[in-house]
Each structure stands twice: as C-alpha cells, then as structure tokens.
Amino acid sequence: IMNEIKKIQDFLIQNYSNLGKIENIQLVDHKNLNSKNYFFTTKHFSFLLHNVLDSSKIQKMESMCKILFYCYKNKMKVPEPIKNKNNKFLSKKIFLTKFYSGNHYSGKQYELKDTAKHLALLHKSFLNNTISYNYKNSEKLYSIIKEKEIEDILKNNQNKSLVTPFDKLFLKNMDYLKILSVKFNKLSIPQKNIQLIHNDLHPENIIFSQKKLAVILDFGSIQKGNILEDIGFTSYRFASFNSKDISDIKKKINLFIENYVNFNEILID
C-alpha cells in the first residue's frame with residue numbers, strides 16, 4: 001500500500017502541481033468496485049482522486065466532468081471537478097474533485113424534502129447544459145418486474161429447502177406485486193421528459209451537512225433518460241430507507257414528488 005500511495009503522490013506532483021504541496025494521502029474504503037478513491041489534502045483544501053477501473057472511455061469521463069463543472073458553476077450541489085496543469089479534467093482515467101464532509105441520508109423528513117428539491121434543480125441544470133453527452137450505460141440498474149417473472153420466482157421458492165427472510169417477504173406480498181406489475185407494465189411513460197438524468201441516486205450518494213444537502217455524488221451512470229425514471233427510482237430508494245411499512249413508504253414518495261414539482265415541471269402527455 002505504501003508503494004501505491006507513493007505512485008499516487010508522484011502522479012499528483014506531475015499532473016496537479018497547481019494545487020500546491022500534497023499532504024496526507026489515504027486510500028478510501030468504499031463499496032464501488034469500479035474505481036479506487038484516494039483522499040488527500042493541500043494547505044487550504046481537501047480532495048478526492050478517482051482512479052476509474054472499469055471500461056469507461058476517457059472521452060466520456062471528460063464530458064461528464066465538463067457537465068459537472070457547468071452544474072457547479074450554476075450553483076448546483078455537485079462535486080467540483082479540478083483541472084490539471086494541462087487544463088483538462090482527465091489524466092489517463094483519473095480525475096479529481098473537491099472533498100465534502102458530512103453524513104449520509106438518515107431518513108429524516110427534511111433530508112427527503114431537500115433531496116427532492118436538489119434533484120429537481122439538478123434536472124433543470126442538466127436540461128440547460130449544452131455539452132454533448134450521448135453515452136449509454138451497458139448495465140440497466142432497474143426494471144419493472146413482469147408477472148411471469150413473479151411466477152418463476154414463486155416456482156423457484158417452492159423448490160427450495162431453505163426459505164430465507166426475503167423469500168417470506170416475497171410470498172407475503174406476491175399478490176400485491178402482481179397487481180403493481182400489471183398496472184405499471186401497461187403504463188405509457190411520457191417521452192417529453194427525456195434528458196440527462198443522474199440514473200443512480202440512492203442514500204449513499206448524498207452528503208448532508210448542518211441539516212442541509214451538501215453534495216450529490218457519483219455521476220458515473222449519467223445518461224439520457226426519462227426524469228420520471230430518475231424521480232421514481234430516487235423517491236423509492238429514499239422513502240424505503242429503514243422502512244418496510246407500505247403506507248409509510250407511499251406517504252414519503254408523495255412528499256418527495258410534492259417537493260420536486262415545487263422546483264421543476266413534470267410534463268405529462
């Protein structure tokens with residue numbers, strides 16, 4: 001690990017001499033298998049170095065950083081990307097952002113409302129951005145379950161010798177899942193809302209500080225999509241945080257949407 005840290009230090013000195021003396025480099029323990037992150041400080045600021053390990057193209061990552069920089073300049077709560085001595089955001093597949101301290105989402109109502117507000121503002125900023133970004137992710141993060149898939153899971157459960165807590169939860173709510181599956185697979189999602197979206201906003205991708213949203217993180221999955229998908233995915237992940245009560249989750253989703261539409265319009269066909 002010391003040899004690794006030394007290589008990072010040499011890389012920073014070579015490519016980011018504009019930041020000043022580099023101090024206190026540490027490997028960050030996180031769950032993302034697609035990158036390695038390093039925390040370091042200079043005299044006045046703290047930064048994160050992101051070393052991307054997946055198959056993302058440098059052009060895609062540079063465009064992502066340009067969009068983040070545009071959003072940051074327009075007062076959005078996104079991490080500020082840092083340019084290197086060549087006035088680029090990328091050096092190989094490595095980029096830097098400012099470091100933001102605080103806490104992740106804990107389920108408080110003000111956090112839910114603030115998340116909805118800043119997702120709405122972020123969508124507006126994405127829409128006004130003029131930087132070209134037509135890259136698609138190879139992996140779909142979520143999809144609406146089909147009725148046949150529910151039946152297949154049921155058959156699989158019947159053949160299992162060991163029933164897990166998730167199996168019990170599935171069996172308990174199977175009829176409700178079927179109703180939702182039929183309902184949502186018949187829906188026609190309005191195409192008027194297609195634009196850039198975050199595409200992976202969940203409780204670990206938000207930092208709060210002093211009872212306010214400080215920053216939205218992890219823009220590696222951004223792509224063109226329907227803002228309704230972004231709203232639906234985000235509102236459910238936050239509403240179901242530490243909760244299994246369906247009525248409580250519904251109330252929180254409604255609260256999320258009510259606060260979202262205060263700051264951005266949802267177009268309906």
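**Note on the α3–α7 helix pair and the overall chain**

1. Helix α3 (residues 109-128) and helix α7 (residues 227-239) have axes that come within 11 Å of each other and cross at roughly 165°. Because angles over 145 degrees count as roughly antiparallel, α3 is roughly antiparallel to α7. The model is predicted, and the points below should be read with that in mind.

2. The crossing of these two helices, α3 and α7, is right-handed. Two packed helices are described by the angle between their axes and the distance between the axes.

3. Which residues of α3 meet α7? On the α3 side they are Leu-112, Thr-115, Leu-119 and His-123. Their counterparts in α7 are Ile-227, Asp-230, Ile-231, Thr-234, Phe-238 and Ala-239. By class, the residues of this contact divide into six nonpolar, three polar and one charged.

4. Turning to the whole protein chain, its secondary structure comprises eight helices and nine strands. Taken along the principal axes, the C-alpha atoms fill a box of roughly 60 × 45 × 35 Å.

5. How much of the protein chain is buried? Of its 269 residues, 42% are buried. The chain exposes about 16,300 Å², and carbon and sulfur atoms supply 53% of that area.

6. Contacts in the protein chain can also be sorted by sequence separation. Among those with a separation of 6 or more, 67% are between residues 24 or more positions apart.

Conventions:
Residues numbered from 1 in each chain as written. Predicted model: local features only at pLDDT ≥ 70, side-chain atom pairs only at ≥ 80, totals over all residues. Heavy atoms only, no water. Axes fitted to C-alpha atoms, helices over the stretch in contact; angles between N-to-C directions. Helix = DSSP H or I, 4+ residues; strand = E, 2+ residues; numbered from the N terminus. Parallel < 35°, antiparallel > 145°, perpendicular 65-115°, else oblique. Left-handed = near helix turned anticlockwise from the far one by under 90°. Contact = heavy atoms within 4.5 Å. Nonpolar A, V, L, I, M, F, W, Y, C, P; charged D, E, K, R; others polar. Buried < 20%, exposed > 50% of the residue type's maximum accessible area, 1.4 Å probe, protein only. Areas by Shrake-Rupley, 256 points an atom, 1.4 Å probe, with all protein chains shown as cover.
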